[in-house]
Amino acid sequence: MTYRLHRPDTLRTLVHDMVTRAGWTEAEAQETAHHLVLANLSGHDSHGVGMLPLYFQSLADGNLKPDSRPKARLDAAPFLIIDAQVALGQPAGRNAVEQAAVMAKAGGVAILNLLDAHHIGRIGHYAEIAAQAGLISLFWVNVAGRPPIVAPYAAKQARFGTNPHAIGIPVPGNDPIILDFATSRMAHGKARVALNKGVPVPPGYIIDGEGRPTTDPSHVFQHAIPGLPLGALLPFGDHKGAGLSLIAELLSAGLMGAARIDQKPQRSWIINSLFGVLIDPARLEPDEALRKSRIESYLAFVRAAKPQDEANPVLAPGDKERAVRIERGESGIPLDDETWSQIKAAAARFGIDAERY
């Protein structure tokens with residue numbers, strides 16, 4: 001496996017130019033480029049610029065349209081329900097969370113449901129947006145528009161998406177706590193990264209179409225093994241991750257009638273619906289200095305735990321991503337040859353030579 005290092009600002013420019021050339025607005029292009037490259041910078045290559053070829057395939061197939069615009073279904077504090085109408089996910093997600101943040105600052109809490117957006121990217125990104133506004137946030141997301149890819153606990157067949165969950169807690173004057181994880185043992189995008197790199201996934205993450213353990217990531221990509229049943233990712237924590245995945249499906253999409261993984265047509269797209277709760281911590285503890293000291297003293301206690309390996313200190317949620325951002329910001333973002341080839345092909349459809357960036 002070989003890869004190249006790319007400057008973050010160069011990748012942002014490339015993504016921006018691809019998105020505007022395809023027909024989206026300047027603001028939509030800026031947010032999409034910012035979000036995707038930040039995911040790579042954070043070490044989450046599964047949700048970074050490697051997703052662009054899928055977006056542009058959705059566009060070519062007519063499933064993703066630049067003129068789609070989110071529409072409010074209910075805007076009555078503390079509730080905000082928005083039908084994204086399969087609009088480009090990253091701008092739709094940011095705008096929805098920012099609207100909910102204004103509502104939460106005014107009334108103390110906001111309950112958000114963003115329905116049927118195209119792939120909205122890294123969910124921790126939205127917890128960071130809420131934290132920047134000084135708000136606690138909890139998010140649940142489903143994944144529809146494609147076959148189920150995660151097996152329930154004790155099952156041989158998939159019934160869930162990777163259905164991520166994120167929680168953010170702001171720390172006044174300091175970095176926030178950002179917990180962000182797929183309810184599967186690994187994100188589907190991480191399996192895609194492994195497939196493109198030609199490397200196996202760890203044991204215990206995947207089963208094949210017959211329910212047998214495998215480390216070959218191609219088993220969770222139907223196109224990779226023609227004629228064979230699709231395998232499945234396993235839930236993290238057995239019944240715990242499977243239970244959270246079911247809850248995410250119902251909260252984000254099921255209750256409101258949005259695209260559910262067992263109902264909507266399977267096309268060249270990913271549809272996400274997001275359910276979120278945003279809370280103003282000042283309503284819980286008005287004294288900001290007291291909030292800060294309480295959180296930081298406990299974080300210090302956790303980080304001071306003696307590590308099993310001195311080379312791997314104990315971290316709080318969000319610490320690793322911030323460290324990787326610094327490292328990759330200096331050294332560059334690694335993209336394997338297969339991913340870069342797919343990006344170049346997508347750019348070429350709009351007359352863009354990615355090698356010139």
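**Exercise 1. Describe the second largest pocket of this predicted model: what is its volume, and which residues lie nearest its centre?**

*Step 1: the volume.* The second largest pocket holds about 310 Å³ of space. Here a pocket is an open set of points on a 1 Å grid over the protein atoms alone, with protein on both sides within 12 Å along at least five of seven lines. Grid points are joined across faces, edges and corners, and a volume is the space filled by probe spheres set on the points.

*Step 2: the lining.* Lining residues are those with an atom within 4 Å of a point. For the second largest pocket there are 20 of them, and Ala 131, Gln 132, Pro 170, Asn 174 and Pro 176 lie nearest the centre.

*Step 3: the elements.* Two or more lining residues come from each of α5 (124-132), β6 (165-171), β7, α8 (288-303) and α9 (319-331). The largest share, 4 residues, belongs to β7. Helices (H or I, at least four residues) and strands (E, at least two) are DSSP runs, numbered from the N terminus.

*Step 4: the classes.* This lining has 8 nonpolar, 4 polar and 8 charged residues. Ala, Val, Leu, Ile, Met, Phe, Trp, Tyr, Cys and Pro count as nonpolar, Asp, Glu, Lys and Arg as charged, and the others, Gly among them, as polar.

A note on the model: it is predicted, so local features need pLDDT of at least 70 and side-chain atom pairs count only at pLDDT 80 or more, while totals for chains, interfaces and linings use all residues. Residues are numbered from 1 along each chain as its sequence is written, and side-chain values use heavy atoms, with hydrogens and water left out.

**Exercise 2. Find the largest cavity and list its lining.**

*Step 1.* A cavity is a set of points where a 1.4 Å probe fits but cannot get out. There is 1 cavity of 30 Å³ or more, and the largest cavity has a volume of about 60 Å³.

*Step 2.* Its lining is His 44, Arg 122, Glu 128, Ile 178, Asp 180, Gly 318, Glu 321 and Arg 322. Both β7 and α9 give two or more of these residues.

**Exercise 3. Is helix α2 largely enclosed or open?**

*Step 1.* Helix α2 (residues 26-41) has 16 residues and reaches 22 Å from its first C-alpha to its last, close to the 22 Å expected at 1.5 Å a residue. That expected span is 1.5 Å times one less than the number of residues.

*Step 2.* Because 12 of the 16 residues of α2 are buried (under 20% relative accessible area), the helix is largely enclosed by the rest of the structure.

*Step 3.* The buried residues, including Glu 28, His 35 and Leu 41, pack against α1 (8-21), α3, α4 (89-107), α5, α9 and β12 (333-336). Contact means heavy atoms within 4.5 Å.

Definitions and conventions
Buried < 20%, exposed > 50% of the residue type's maximum accessible area, 1.4 Å probe, protein only.
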